[in-house]
Amino acid sequence: MCGIVGYIGKEKALPRVLSGLKFLEYRGYDSAGVAYVKNGNVEIVKEVGKIVNLENKINYSEETFMGIGHTRWATHGVPSIINSHPHRVGKFTVVHNGIIENYLKIKEMLINEGVNFISETDTEVIPALLNYNYNKEKDILKTIEVTLKELEGSYAIGIICDDDLDNLYAARCGSPLIIAKDKTGNFIASDVPAILSYTNKYILLEEGEIAKISSSNVEVYNNKLDKVEKEEMIFEGSQDSAMLNGYEHYMLKEIHEEGKVFSETVNYYVDGNSFKNTMPEFKDYKNIHIVACGSAYYVGCIGKSLIEEFANIPVTVEVASEYRYKKNFYDKDTLVIIISQSGETADSLAALRKAKEDGIDTLAIVNVVGSSISREADYTMYVKAGPEIAVATTKAFLAQATLLSLLAVKLSNKLELLNEFVGVEKYIKEILDKDYKKYANVIYTHNDTFFIGRLVDYALCLEGSLKLKETSYINSVAFQAGELKHGTISLVTDGTPVIGICTDESIESKTISNIKEVKARNAFVIYITNNDIEADFYDLKIVLPKLHKLIMPIVTVIPLQLIAYEVAKLRCCDIDKPRNLAKSVTVE
Ligand code: M6R
């Protein structure tokens, strides 16, 4: 979603703000803008489309030492220059990430007070309300405090006030914001990659906190304007881990990190045949709810399969945007697991809060350290994927699958199963080293594809299908293999690509029967299996190593990710930043 970067210090602000915004491109956006101070005035430049369009309108050598920048992912109003941020009303200029839910009510009130609005956005009410309150309060911090109390929804905001051009202000409620310091000045940013070229030390603004930032000083206040001490955090990854490092796309680079990600995730929780104390001790839960969105939901389906099979605990998997509003049947014997790469997904966060309010134990499985979900859950288990930049999740999915598999072992109390996690990195490397272009060549000219599989293979079908859709814009449907003939098989015609997955011997003959049904309708079948049999029911085959059931789903996702990548490349899609998508979905 939207990205915020701000700088105040001794160096020129615009190069720093623009370079920071580029590191936030992965979040998804459709316009960008900056505000900066020049000769005592606030100047604003905005443009639709990529940051390079904005750069073409900017003079980098501008003598400006304070600036705020923004990439906007449109929610209220089309992508346009007027709707882009920063928004300015009276003495206040603001960039905002999130949604102001009561903006219409505030707008109506302010229009009655004679305020003029020019955009369709919810954001414009923030500078308007700040300006309105400032006329009464006369003090900037007090004005921000009063204004935030009137806003409903989620926000991270950067603020410049004309009456104090020596300070940048920032506040957060529901959307992430960090403050970082290097030897030249201070930054605000939506995420760590934006500041890593300058420093790896930062502080996280907590819910309701307000910051006053000069070039040499940072003061943080709570929502009663009491000063609070903040703990400095250190980002442990290298700058390389947030950069392309010779790969053509982040998606490809991140897929190729999967062997290491697997081992790091296992090694963080396991020592030989036992768990380290990084693995929490859980009481005996009678049931588990896994709640997540998108790919994190699909990895939850893998988790269900493994936990039910090995730990004998019934698991339901729920989409967070539904879970937060529906009647949930849980009690003190239920564990609610929230899975989220970013740890900031609005619906997942809301589902977590709902479960907590109802007194239910919660466990977060998260990648981003210090994210909201990681901080609010009763238990937090990090996956060791490192920064994931491509919008399409790959290595974080594999790391989540690995951790859920370890959790299944933990809940089963069968520690001997940990042996199955030894030596897997070598198999991952073998799978990564294969060429997937020939499969992509078959798929990329079609408008429809199908993924079919049973049980845990169906969960992989869901993920493979989503990867293909989001990166290559090809319509794709995942089906439980036995279900296709109940209607949807009518869409299978000559040459329709069908990816059939079977990694479980116990249902192999059943899945093969279903694949034969589509083959009989002249589908082009790509068969993904761990049992290398010669047969005539497929056109192309991908043979995976035969590994334990706890490991099989972890490695089976890799060819699906690489096929999606190669198809997207053949179709010249914007692989790392697919249209309309955002990396971290911080609105509901
Ligand atoms: O950050 P999260 O894991 O909570 O994000 C959930 C989904 O938005 C995410 O998995 C999305 O489906 C990905 N773009 C899929 O590649």
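Q: Which domains does the assignment give?
A: Domain 1 (3-241), domain 2 (244-422) and domain 3 (432-575). The bounds come from an automatic or database domain assignment. Residues are numbered from 1 along each chain as its sequence is written, and side-chain values use heavy atoms, with hydrogens and water left out. This is a predicted model: local features need pLDDT of at least 70, side-chain atom pairs count only at pLDDT 80 or more, and totals for chains, interfaces and linings use all residues.

Q: How far apart are the C-alpha centres of domain 1 and domain 2?
A: 32 Å. Domain 1 puts 13 residues into the contact and domain 2 puts in 12. Contact here is heavy atoms within 4.5 Å.

Q: What area is buried between domain 1 and domain 2?
A: About 1100 Å², with carbon and sulfur atoms giving 48%. That is the accessible area (1.4 Å probe) the two parts lose on being put together, summed over both.

Q: How many salt bridges cross that interface of domain 1 and domain 2?
A: The rule finds 2. It takes a side-chain nitrogen of Lys or Arg within 4 Å of a carboxyl oxygen of Asp or Glu.

Q: And what residues sit on the domain 1 side that touches domain 2?
A: They divide into 7 nonpolar, 2 polar and 4 charged. Ala, Val, Leu, Ile, Met, Phe, Trp, Tyr, Cys and Pro count as nonpolar, Asp, Glu, Lys and Arg as charged, and the others, Gly among them, as polar.

Q: Switching to rings. How many aromatic pairs?
A: The count is 12. Rings of Phe, Tyr and Trp (its six-membered ring) pair with centres within 6.5 Å; planes under 30 degrees apart are stacked, over 60 edge-to-face, the rest tilted.

Q: Why is the pair Tyr 323 and Tyr 330 edge-to-face?
A: Because the planes stand at 70 degrees, with the ring centres 6.2 Å apart.

Q: Are those two, Tyr 323 and Tyr 330, buried or exposed?
A: Both are buried. Buried means under 20% relative accessible area, exposed over 50%, partly exposed in between (1.4 Å probe, protein chains only).

Q: Which residues form an aromatic cluster?
A: Tyr 7, Phe 187 and Tyr 198 form one.
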